[in-house]
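Hi there,

Here is the model I promised to pass on. Have a look at it first, and my notes come after.

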Amino acid sequence: MAAETRPVPLVLPRRARVRIRGGGLSTLVFLIPLLLVFGVFSWIPIGRAVVMSFQETNLVTPSTFVGLQNFRDVLADPLLWTAVKNTLYFAFLALLFGYPVPLVAAVLMSEVRRFKSLYSALAYLPVVIPPVVAVLLWKFFYDAGPTGVFNTILGYVGIGPVSWLQDSASVMPSLVLEATWAAAGGTVIIYLAALTGVSTDLYEAAEIDRASIWRKVWHVTMPQLRGVLLITFILQIVGTAQVFLEPFLFTDGGPANSTTTLLLLIYNYAFANSLGGEYGMATALSIMLAVVLGLLSVLYFRLTRGWSKS
Amino acid sequence: MSRGILSPADWRRPRVRWTAFGLHGVLLAVLFVVGLGPMLWLAKAAITPTQDTLRSPLALWPHGVDWSNLATAWTRVEVDKYFLNTVVLAAGSWFMQLLVATTAGYALSVLRPRYGKVITAVVLATLFVPAVVLLVPLYLTIVDPPLLKASLINSFWAVWLPAGANAFNILLVQRFFDNLPREVFEAARVDGAGPFRLFWSVVLPMSRPILGVVSVFAIIGAWKDFLWPMLVLPDPNLQPLSVRLPALQKFVEFDVFLAALAISTVIPVLLFGLFQRFFLNSGALNGAVKG
């Protein structure tokens with residue numbers, strides 16, 4: 001059968017373009033869920049937070065403006081400085097435990113050749129366990145008696161029972177240990193993604209220069225991860241500054257307020273008293289925390305702006 | 001061939017090879033103990049009598065297996081009720097998040113009205129506001145919602161509605177919609193599809209992957225949620241598992257309590273098992289919120 005050859009135009013004639021241009025009523029209809037939900041449950045409350053921090057609010061009488069009184073009350077609260085100290089301590093320990101571990105794990109895992117997904121799945125597993133379950137489980141692991149889970153393990157190597165959560169010296173590291181366990185997997189996945197993005201040309205170039213494995217890690221891998229490392233650092237600071245679940249469920253701030261964090265203090269201002277709380281003080285403190293975190297982030301990115309480019 | 005830090009030549013050197021294998025073996029062992037260990041322990045403890053768990057918590061083989069723990073937790077402690085509450089809360093939050101994210105993503109990324117940029121900016125700006133700022137004013141909004149006469153306290157809507165205000169979802173969906181081929185939309189338009197038809201029959205079917213990602217994170221997120229449902233659902237009959245578990249601890253026998261913890265873990269772990277790639281590929285940003 002003779003193939004009928006027809007000249008095929010190399011370029012199809014361009015159709016008259018149909019413009020899809022929103023702006024009509026139907027576009028607005030599609031935006032209704034967004035505008036309603038964000039408006040009522042995000043934008044207005046954020047605005048209201050700012051206003052409320054200057055108001056005396058209770059659930060019975062209309063709010064009245066009190067100027068800076070809420071801020072003065074918060075700053076005069078002796079517990080505030082305890083909470084600031086505890087939160088900083090938590091953030092510091094979380095960096096100490098939690099920052100290097102996922103990085104080292106991810107660099108090692110990126111070199112795994114078989115069953116790689118098994119490694120990452122195992123590392124991520126603690127992240128999917130409901131945080132409340134994790135804390136309640138660890139609370140039992142931290143049992144201070146000699147038959148507590150961790151104390152049994154320590155007993156194998158002859159270390160006496162530690163009273164994890166009851167001792168104001170060991171309580172904070174105990175909380176941080178659990179929090180790190182619960183969150184590290186997420187960071188590992190981020191680093192793994194970043195590591196696959198490192199161009200192999202760079203390693204090959206380094207090898208031509210006879211770079212050792214350590215030098216490749218230090219002079220190629222680390223600089224390539226710098227951008228991600230900077231972001232996870234500030235995200236971790238912002239996250240740990242708002243730690244709530246661990247101190248709330250493990251110790252409720254105890255012993256002797258040694259784990260009262262800023263968020264626990266905000267919660268206690270607003271909700272600990274069932275008759276209606278110090279909503280003004282709670283919002284004033286949360287606004288202050290948000291402003292400090294915002295300034296910190298801006299300052300941080302200013303300072304590190306030069307580093308992240310490579 | 002893909003390679004990492006170690007070159008094929010490195011791999012051929014026995015010393016490097018065995019060090020790498022050794023380190024990977026140690027790492028795998030540590031990951032097993034740290035990642036899977038607590039879950040396995042919980043699974044064992046859930047069917048172990050209290051005395052065994054308390055006396056020798058690390059014994060591999062309990063003296064007796066007590067399957068009734070699970071049944072007791074499920075029926076007498078009413079974990080079934082809290083489980084159902086959790087499912088209903090997660091389902092509603094999932095629906096709200098999909099509704100808001102898909103309609104908004106469609107309007108902003110496909111229809112692209114002139115004022116779209118402003119709305120996108122205001123939505124994304126909320127990502128930079130720490131969640132703590134919202135806590136009290138959002139609570140007061142629920143106590144005394146606008147337009148409604150009644151308080152939403154002790155109503156599932158108090159959890160469902162705010163769940164929709166998730167800027168991260170909008171960001172994900174918008175980025176996905178931006179990359180869909182516009183020629184397809186234009187062709188659909190030529191064939192006479194209106195904006196609603198275009199949304200339902202063209203854009204949504206093309207967006208299955210991103211809808212899957214948003215769905216899985218919505219459900220897991222709702223399952224993990226604690227502080228917010230605790231505040232707005234003070235009635236124990238309405239509370240989800242996460243809120244109820246700390247209270248149960250005080251009046252439930254220990255082995256039954258551990259069984260309840262195990263039951264609460266099953267669904268998220270199952271979802272993780274089924275949708276691993278969502279977590280391990282695209283989940284990167286979500287896990288980064290806390291250190």
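Below are my notes on chain B.

This is a predicted model, where local features need pLDDT of at least 70 and side-chain atom pairs pLDDT 80 or more, while totals for chains, interfaces and linings use all residues. Residues are numbered from 1 along each chain as its sequence is written, and chains are lettered from A and ligands numbered from 1 in the order written.

Chain B has 16 helices and zero strands (DSSP runs of H or I of at least four residues, and of E of at least two, numbered from the N terminus). Of its 291 residues, 40% are buried (20 or more other C-beta atoms, placed from the backbone, within 10 Å of their own).

An automatic or database assignment sets the domain bounds: domain 1 of chain B covers 8–66 and domain 2 covers 72–289. Their centres, over C-alpha atoms, are 33 Å apart. In domain 1, 11 residues are in contact with eight residues of domain 2 (C-beta atoms, placed from the backbone, within 7 Å). On the domain 1 side, H2(B) gives the most, with five residues.

One helix pair is worth a look too. H5 (79–111) and H11 (195–206) of chain B pack at about 105°, axes 11 Å apart (lines fitted to C-alpha atoms over the stretch in contact, with angles from 0 to 180 degrees between N-to-C directions). H5(B) and H11(B) are therefore roughly perpendicular (65 to 115 degrees). Among the residues that meet there are Tyr106(B) from H5(B) and Phe199(B) from H11(B).

Cheers

Technical notes:
A residue is buried if 20 or more other C-beta atoms lie within 10 Å of its own, exposed if 12 or fewer, and partly exposed in between; C-beta atoms are placed from the backbone. Angles under 35 degrees count as roughly parallel, over 145 as roughly antiparallel, 65 to 115 as roughly perpendicular and the rest as oblique. Two residues are in contact if their C-beta atoms, placed from the backbone, lie within 7 Å.
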